[in-house]
Number of protein chains: 2
Amino acid sequence: MTISAQVLTAADFAPFGEVIAADPARAVEINTGYTTRFHALAKVESDADVILSIFRGRVRPLTVAMLERHPLGSQAFMPLGGRNWLVVVASAPRAEVCRAFLCRGDQGVNYHAGVWHHPLLVLDHAQDFLVVDRAGEGTNLDEVFFDRPVDIRV
Amino acid sequence: MTISAQVLTAADFAPFGEVIAADPARAVEINTGYTTRFHALAKVESDADVILSIFRGRVRPLTVAMLERHPLGSQAFMPLGGRNWLVVVASAPRAEVCRAFLCRGDQGVNYHAGVWHHPLLVLDHAQDFLVVDRAGEGTNLDEVFFDRPVDIRV
């Protein structure tokens with residue numbers, strides 16, 4: 001089974017979370033005009049601490065053999081290297097409903113709490129990402145493994 | 001009055017907040033070895049919502065004529081363009097105690113709640129930053145203006 005990546009847009013991604021990008025509709029001028037603030041592009045969900053981490057993603061096969069979700073908090077990924085990358089999400093933990101999104105290097109995403117997604121997928125180079133997610137007690141990871149992996153066509 | 005920027009280190013910046021950088025001491029391997037997580041480099045402080053925004057900083061004179069602080073929440077800045085940038089903080093809202101830090105393009109900072117700092121300072125090019133801060137009711141901005149500006153030597 002193969003799925004094709006589609007270009008990431010806020011509208012298409014809305015069921016899964018927010019796109020983090022410099023949307024002119026969210027722009028406000030601050031700092032006496034020296035800064036444009038693209039305001040509140042995403043909202044963090046958490047019942048515990050919110051932490052900032054860096055994820056260094058390495059090149060791997062573009063094959064989806066499992067999905068995970070974090071029921072207790074959102075998780076945001078923002079690329080730091082300006083390179084395109086890939087997001088795979090699903091409305092349910094089944095191979096048939098996986099959707100792949102090709103993200104530009106200036107687009108991040110914030111997965112809503114509980115959204116099924118594949119772990120970090122870079123394309124042809126390693127890339128660092130700033131990650132904003134929850135830390136605290138409780139089980140915040142569910143995983144499902146597929147009998148047959150899904151290949152992604154970019 | 002002129003102050004010289006010093007190189008940003010976690011130890012020197014500790015009184016003001018955290019440095020967000022891929023510190024090998026915080027590295028854990030995840031995602032079956034395809035991702036290194038530099039874990040919990042900073043912790044968000046907020047008594048209300050936590051939001052993600054993008055700040056587009058433009059070139060401006062490297063002169064400190066005011067400081068601000070956010071008493072109700074931390075504020076993190078992570079550069080997205082890989083360029084060096086500048087942070088100015090102070091232990092009190094007075095020109096004499098301002099300190100300037102030269103940050104690499106792979107270093108962000110998280111100001112603790114209530115830390116006096118200058119608004120975003122890029123160097124010779126505009127740059128976008130991911131910003132993680134608080135949103136909600138209440139007065140979360142204090143400002144002080146100096147009689148005589150402080151120049152920063154980089």
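Entry 1: I am working from a predicted model. I began by superposing chain A on chain B, and a rotation of 180° with 0.0 Å of shift along its axis does this with an RMSD of 0.0 Å. The two copies are thus related as by a two-fold rotation axis. I then asked which residue of chain A comes closest to that axis. It is A:Leu80, whose C-alpha lies at 2.5 Å.

**Entry 2: the interface.** I compared the interface residues of the two chains. Of those in chain A, 100% are also interface residues in chain B, so the copies meet through the same surface.

**Entry 3: cover of strand E8(B).** I moved to strand E8 of chain B, residues 85-90, and looked up its burial. Six of its six residues are buried, under 20% relative accessible area. In a regular strand the side chains alternate between the two faces of the sheet, so I looked at each side in turn. One side of E8(B) holds B:Trp85, B:Val87 and B:Val89, and the other holds B:Leu86, B:Val88 and B:Ala90. Both faces are covered.

**Entry 4: partners of E8(B).** Which strands of chain B pair with E8(B)? I noted E9, residues 98-103, which is joined to E8(B) by six bridges and runs antiparallel to it. Within this pair, B:Leu86 has B:Leu102 as its bridge partner. I noted E12, residues 121-122, also antiparallel to E8(B), with two bridges; here B:Trp85 stands opposite B:Val122. E11, residues 116-117, is joined to E8(B) by two bridges and is antiparallel as well. In that pair B:Ala90 stands opposite B:Trp116.

How values were computed. Residues numbered from 1 in each chain as written. Chains lettered and ligands numbered in written order. Predicted model: local features only at pLDDT ≥ 70, side-chain atom pairs only at ≥ 80, totals over all residues. Heavy atoms only, no water. Least-squares fit on C-alpha atoms with pLDDT ≥ 70 in both. Contact = heavy atoms within 4.5 Å. Buried < 20%, exposed > 50% of the residue type's maximum accessible area, 1.4 Å probe, protein only. Helix = DSSP H or I, 4+ residues; strand = E, 2+ residues; numbered from the N terminus. Pairing = 2+ DSSP bridges.
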